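Hi,

Here is the structure I promised to pass on.

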Amino acid sequence: MGARPWLAAVFLLPAMLLLGALVVYPIVFSVHRSLFDASGDGFVGLDNYGAMFSDEGIRTALRNNVVWVVVAPTVSTALGLIFAVLTERIRWGTAFKLIVFMPMAISMLAAGIIFRLVYDQAPERGVANAVWVGVHDTFADPAPFPGAKPRPRADLKPSGGGAFTTGSAVRSGSPVLLPLVAVQPGDLRGARSASAARPQPGRITGTAWLDFTRGGGGRPNAVDGSEKALAGLRVEAVRGGRVVASATTAADGTFALPAGKAEGARLRLPAGNFAEAYRGVDWLGPALVTPAIIGSYVWMWAGFAMVLIAAGLAAVPRELLEAARVDGAGEWQVFRRITVPLLAPVLVVVLVTLMINVLKIFDLVYIIAPGSSIRSANVLALQLFQSSFGTDVDEGLGSAIAVFLLLLVLPVMYVNLRRLRKERRR
């Protein structure tokens, strides 16, 4: 009997040595290193911890970590709960669970690369902006000739906000010429040749066209037979800052306005004719980069939450649910008053696990955030890497951040261990 403790110690010794080498020693060394300067020679006490809270980049990382801890675990757990409950009611629930859980099989590196492409600003590459631009363009007509501008030395002059206005008032009997350049070739597909407008009684007429002859030649500010018409261009007659008449250019580039209203006015091509094509949302800009990265995290971990919650849901006594329904409770009441309270231990496990995971988040932020937004997306784990191994290396500050991060994780781990002990006692 007396030899058994020694025997147990012999079997535990390899594990204890491994634990000491991989966990205890790094913690002790990090605490010791955090008390010295960047070179490691000068003792600075707690100065590195003070510098940690005075540095703007680290304060941004702290704010972002708070957002991560509050939003990411909550949303992932809520979605996991919804998926777990709903998949019990659909025929192909197992297949749906497999699809939702599948992102867990992808590494953080691969997921970061995927979402870097998903959030790409160019709609032809980024799926998010392709969908967003498609929805936008469904309800808002795109500009007919984005980026176009008047030909130099034409009568059209900038009038603010991207619009162009004629320098002289228009008169009936004198067709107005609106020559433009810098029209994209793709915007001229199917365009007809421009026609010079003819005078019409009681009408102000004119032509809008691309004043450019391919291969050279042609006359400036004159409609040549090979030059293309600009159809669908909105033309407004403006007097005293008010639009008195408007028209849209025809397939041959010509337009006509009633002389009774437009006589003596100036013609304006509004900015809506030339607005750049809608490029969607700058998902990875400083304002949205953190929510965008959190979205990619939720995509990965909602399946993890769903599987654990579904396992807990399978253990819920069906008699209680059926009894509540027999007593007249609706599905929402059953879910809120019976299902969720019974799943509370599982929900706490999922939430605490994800909180610990989120406090150490590094991969997704490092891969997804572009260089222009990396400071706005900064988190403590990323700041730890940059301070310890980046261009401006300060291992003392990096060690202080590591110790601080450990202190943030410890309370969450304590709550989790305490909960596990209570469950064992039961």
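This is a predicted model: local features need pLDDT of at least 70, side-chain atom pairs count only at pLDDT 80 or more; totals for chains, interfaces and linings use all residues.

Residues are numbered from 1 along each chain as its sequence is written, and side-chain values use heavy atoms, with hydrogens and water left out.

**Surface patches**

For patches, residues need over 30% relative accessible area and no salt bridge; like charges are joined within 9 Å, and nonpolar side chains (Val, Leu, Ile, Met, Phe, Trp, Tyr) within 5 Å.

There is also a nonpolar patch on the surface, with about 890 Å² of accessible area together (Shrake-Rupley method, 1.4 Å probe, and for residues only the protein chains shown count as cover). Its members include Leu12, Met16, Ile27 and Val28. Val28 lies in helix 1, residues 4-33, and counts as exposed at 52% relative accessibility.

**Salt bridges**

The structure holds 13 salt bridges (a side-chain nitrogen of Lys or Arg within 4 Å of a carboxyl oxygen of Asp or Glu). In one of them, Arg33 meets Glu395 at 3.7 Å, N to O. Arg33 sits in helix 1 and Glu395 in helix 13, so this pair ties together parts that are 362 residues apart in sequence. Arg33 is buried at 8%, whereas Glu395 is partly exposed at 39%.

Asp120 and Arg125 form another bridge, at 3.3 Å, N to O. Here Asp120 counts as buried at 18%, and Arg125 as exposed at 53%.

Then there is Asp211 with Arg151, whose closest N and O atoms are 3.6 Å apart. Both residues lie in loops, Asp211 between strands 5 and 6 and Arg151 between strands 1 and 2, so the bridge ties together parts 60 residues apart in sequence. Asp211 is buried at 2%; Arg151 is partly exposed at 24%. Glu56, Arg59 and Arg63 are linked in a salt-bridge network.

**Aromatic pairs**

I also have 17 aromatic pairs for you (rings of Phe, Tyr and Trp, the last by its six-membered ring, with centres within 6.5 Å; planes under 30 degrees apart are stacked, over 60 edge-to-face, the rest tilted). Trp68 and Tyr297 make an edge-to-face pair, because their ring centres are 5.7 Å apart and their planes at 85°. Trp68 is in helix 3 and Tyr297 in helix 8, 229 residues apart. Trp68 is buried at 1%, and Tyr297 is buried at 0%.

The rings of Tyr119 and Trp283 are tilted, with centres 6.1 Å apart and planes at 40°. Both residues are buried. They belong to a cluster of ring pairs that also takes in Phe115, Trp132 and Trp299.

Cheers

Terms used: Helices (H or I, at least four residues) and strands (E, at least two) are DSSP runs, numbered from the N terminus. Buried means under 20% relative accessible area, exposed over 50%, partly exposed in between (1.4 Å probe, protein chains only).
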